[in-house]
Amino acid sequence: MSARFPDFRLGKVLATSFTGTRSERRGDTVERIPTPNRLVDWLAVSGLAVESCTAAQLERAWELREAIHAAATAAASRAPLPASAVQVINDCSTQGRAAAVLTPEGNREWRLGPASSVEDALGVVAADAISIVAGERDGRLALCASPTCQAAFFDTSQSRTRRWCDMNTCGNRQKKARFNAHKHENPGSAK
């Protein structure tokens, strides 16, 4: 992957990792899949390898990503799901024709069709979003406590009290800000 693009923020949940390809939604937004080839990269590291992607497929991916973010945000806030987001997620889920296959090692992999591989991959992402928004998986949807991020993430911690979408970015940034604020309020205590 090219060094000129920001790193992917990969998590254990496919749908929320996908929404994380656009971060800092309330600050200086970072687009992590700005080109069709970058979507190909993200799909590959997510176990959904495709050979190519068109500009129209990238736009559909962005539309799905934003629909998942809207639905996950509503679900985390216990608000009604936006009808337009539900429609996009459902459309992508039903248009995809990926098949789950079992590997000899006992893992699930996705078999994508050669003619519709990007649509199949987006269908897998949409189906994953449906399972977490519908509450079918063990965990809860939450919103990052960072005021500039507000990413939706799937909290599978034992206590279900996780505050940050990613401790290495948002969590550390917030801890550092608190430390620096404390240091400026109490200059002698940092010695």
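Helices and strands are taken here as DSSP runs, numbered from the N terminus. On that basis, Arg160 falls in the loop between strand 6 (152-155) and helix 6 (167-185). The model is predicted.

Six helices and six strands make up the secondary structure of the chain. Along the sequence they follow the order α-β-β-α-α-α-β-β-α-β-β-α. The chain has 191 residues, and 38% of them are buried. Contacts between residues 24 or more positions apart account for 53% of those with a separation of 6 or more. The exposed surface comes to about 10800 Å². Carbon and sulfur atoms supply 50% of that area.

Helix 2 spans residues 36-45. Its buried residues are Arg38, Leu39, Val40, Trp42 and Leu43. They pack against three other helices: helix 1 (14-19), helix 3 (55-76) and helix 5 (117-133). The structure holds one aromatic pair. Phe18 and Trp42 form this pair, with ring centres 4.9 Å apart and 45° between the planes. The geometry is classed as tilted. The pair links distant parts of the chain, with Phe18 in helix 1 and Trp42 in helix 2, 24 residues apart. Both Phe18 and Trp42 are buried.

The C-alpha atoms of Arg32 and Asp7 lie 7.1 Å apart, although 25 residues separate the two in sequence. Just after helix 2, Gly47 adopts a positive phi of about 80°.

Beyond its neighbours within four places in sequence, Ala71 is in contact with Leu81, Pro82, Ala85, Ile89 and Val133. Ala71 and Ile130 are 59 residues apart in sequence, yet their C-alpha atoms are 9.3 Å apart in space.

The loop between helix 3 and helix 4 contains Arg78. Phi of Arg78 is near 60°, a positive value in a residue other than glycine. Arg78 is exposed because its relative accessible area reaches 75%, over the 50% limit.

Helix 4 covers residues 83-95, 13 residues in total. From first C-alpha to last it reaches 18 Å, close to the 18 Å expected at 1.5 Å a residue.

Strand 3 (residues 99-102) and strand 4 (residues 108-111) pair in the antiparallel sense over four bridges. Ala100 stands opposite Trp110 of strand 4. Five residues lie between the two strands of the hairpin. In the turn, Gly106 has a positive phi of about 85°.

A positive phi also occurs at Arg160. Phi of Arg160 is near 60°, again in a residue other than glycine. Its relative accessible area is 22%, which means that Arg160 is partly exposed, given the limits of 20% and 50%.

Conventions: Residues are numbered from 1 along each chain as its sequence is written. This is a predicted model: local features need pLDDT of at least 70, side-chain atom pairs count only at pLDDT 80 or more; totals for chains, interfaces and linings use all residues. Side-chain values use heavy atoms; hydrogens and water are left out. Buried means under 20% relative accessible area, exposed over 50%, partly exposed in between (1.4 Å probe, protein chains only). Contact means heavy atoms within 4.5 Å. The expected span of a helix is 1.5 Å times one less than its number of residues. Accessible areas come from the Shrake-Rupley method with a 1.4 Å probe; for residues, only the protein chains shown count as cover. Two strands pair if DSSP finds at least two bridges between them. Rings of Phe, Tyr and Trp (its six-membered ring) pair if their centres lie within 6.5 Å; planes under 30 degrees apart count as stacked, over 60 as edge-to-face and the rest as tilted.
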